[in-house]
Amino acid sequence: MAVNVNDTCYMWSADSEIADKGEYGGAVTTILKYILEKGIVDAVLAVEKGADLYDAVPKLITKPEEVIESAGSLHCGTLNLAKVVEKYLNGLKDIKVAVTCKPCDAMTLTELIKKGRVVEDNLLMVGVNCGGTMAPNKTRIMIDEIFEMDPDEVVKEEIAKGKLIIETTVEEKEIKIDDLEEDGWGRRTNCQRCEINIPSMADMALGNWGVIGPHAGKATFVEVFSQKGADILDEVISSGVVEIEPANPKGIEIRAKIDQSMFKLATKSKDKAFENLQGDLLAIFDQYKDEFARCMKCFGCREACPICYCADCILESGPEWITKGLIPAAPLFHLGRAVHMADSCTNCGQCEEVCPSEIPVAEFWDAVRQKIHEIYGYKAGIRSNEILSPLSNYQDLGLRD
Ligand SMILES: Cc1cc2nc3c(=O)[nH]c(=O)nc-3n(C[C@H](O)[C@H](O)[C@H](O)COP(=O)(O)OP(=O)(O)OC[C@H]3O[C@@H](n4cnc5c(N)ncnc54)[C@H](O)[C@@H]3O)c2cc1C
């Protein structure tokens, strides 16, 4: 029976080695391996464990037998793969790649596609649901100080049923995520504000929510979002490399309920973060000016941003708009970025992560994003032909080479 857009199912790998190594049955790994083997893509861009469990490294894989090394979910993997796709894979101008995408990866890739910076036909977005990621160093400190466990002894970390569970080979401890976040630990603050946990802009999304009964913990819930995703899954399923079963209707209901409650939680975090923010975009900027006063103009936020687009950044190499050597940077530095980026920020948090002055850059951008949504009804990262960004497509405007 053919797979169609909006179809759902439970899926797991027919290969027991992949099923064991995979986070929830290894469906993602099996799909990636199959499409690489069959030449449907030239490479797979996935995320692998680096030095330790807190270190997530992007990996371009071209040999099918190596895909298994990327199995498993890294919750401290805060990276945005869209940056890798555009900057290091030349926007997929001459290579077909399947990318494992959290919602922020998928949203950013969607923005880059709209702007002509990533070739959509050469991209397959294999989405993974995401309830949020945790900053690596802070997580190590939290495990040491709050969980009173040795971060180097941890073999697994998992968020389940509202709790963060930390496991070593000898013990397992859990703390409610709400309590941790109340005290400034837990997920990154941009993730706490994120309303999109199921990447519906990807070609398909896989996650553990909604898998109940005998398959719980051993299979993943798959939802199909595009015809490309449907065609590929059709082939993968027909080949027999994965096993499937219809999703339990109760499980479908539970998944929708969890998604809804995560959405409400994000709204609550947003309301809390922005309760004192009023006025237009300039007024919002004004309210962050004390934070920006700590800016030492290291350009880290610009470097880390997967959307920032000028080949030659006028703020660095152009006329002395921003006086060289002057610290803090003139407000124009952030205002300049704001003008370029107002419609495109996907709240991925890369900017805030690298800021040495601990300026809540992502929070500022999220506030800008919220305002744009209020004014234009446009939300960055959403795949839609109906709601086009009023500022979209820089390529047509000649702002990019
Ligand atoms: C950070 C994170 C949070 C998640 N939170 C939820 C959740 O709240 N609810 C839910 O239903 N599902 C969530 N998932 C999805 C879930 O953990 C499984 O990835 C999914 O069920 C697929 O299982 P699998 O066995 O088929 O995956 P596997 O076969 O193990 O493959 C997992 C794939 O995820 C990729 N990956 C690992 N870490 C990252 C990362 N940080 N960024 C991008 N890609 C990565 C790997 O490269 C691999 O290709 C989350 C996944 C991640 C990465």
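This is a predicted model: local features need pLDDT of at least 70, side-chain atom pairs count only at pLDDT 80 or more; totals for chains, interfaces and linings use all residues.
In the hairpin formed by strand 6 and strand 7, 2 residues lie between the strands, and Lys161 takes a positive phi near 50 degrees. The protein is divided into domain 1 (8–130 + 194–267), domain 2 (136–186) and domain 3 (276–376).

- Strand 6 (residues 154–160) and strand 7 run antiparallel and are joined by 6 bridges.
- Across this pair, Glu158 stands opposite Ile165 in strand 7.
- Strand 7 (residues 163–168) also pairs with strand 8 (residues 172–176), again in the antiparallel sense, over 5 bridges.
- Two facing positions can be picked out here: Glu167 stands opposite Glu172 in strand 8, and Lys163 has Lys176 in strand 8 as its bridge partner.
- As a general point, side chains in a regular strand alternate between the two faces of the sheet.

**Domains**

- The C-alpha centres of domain 1 and domain 2 are 25 Å apart.
- The contact between these two domains involves 6 residues of domain 1 and 7 residues of domain 2.
- On the side of domain 1 that touches domain 2, the residues divide into 3 nonpolar, 1 polar and 2 charged.

**Nonpolar cores**

- In soluble globular proteins, nonpolar side chains tend to be buried together.
- The largest nonpolar core of this model has 102 residues, and those with the most contacts inside it are Leu32, Val44, Val99, Leu109 and Val126.
- Domain 1 and domain 3 each supply at least three residues to this core.

**Helix 2**

- Helix 2 is largely enclosed by the rest of the structure, because 10 of its 11 residues are buried.
- Just after helix 2, Gly39 takes a positive phi of about 75 degrees.

**Around the ligand**

- There are 30 residues around the ligand, and Gly22, Ala46, Gly77, Gly131 and Gly207 come nearest.
- Helix 2 (27–37), strand 2 (43–49) and strand 9 (204–207) are the elements that give two or more residues to this shell.
- The largest share, 3 residues, comes from helix 2.
- By type, the shell residues divide into 12 nonpolar, 16 polar and 2 charged.

Methods. Residues are numbered from 1 along each chain as its sequence is written. A residue is near a molecule or strand if its C-beta atom, placed from the backbone, lies within 6 Å of it. Helices (H or I, at least four residues) and strands (E, at least two) are DSSP runs, numbered from the N terminus. Ala, Val, Leu, Ile, Met, Phe, Trp, Tyr, Cys and Pro count as nonpolar, Asp, Glu, Lys and Arg as charged, and the others, Gly among them, as polar. Two strands pair if DSSP finds at least two bridges between them. Domain bounds come from an automatic or database domain assignment. A nonpolar core is a set of buried Ala, Val, Leu, Ile, Met, Phe, Trp, Tyr and Cys residues joined through C-beta atoms within 7 Å. A residue is buried if 20 or more other C-beta atoms lie within 10 Å of its own, exposed if 12 or fewer, and partly exposed in between; C-beta atoms are placed from the backbone.
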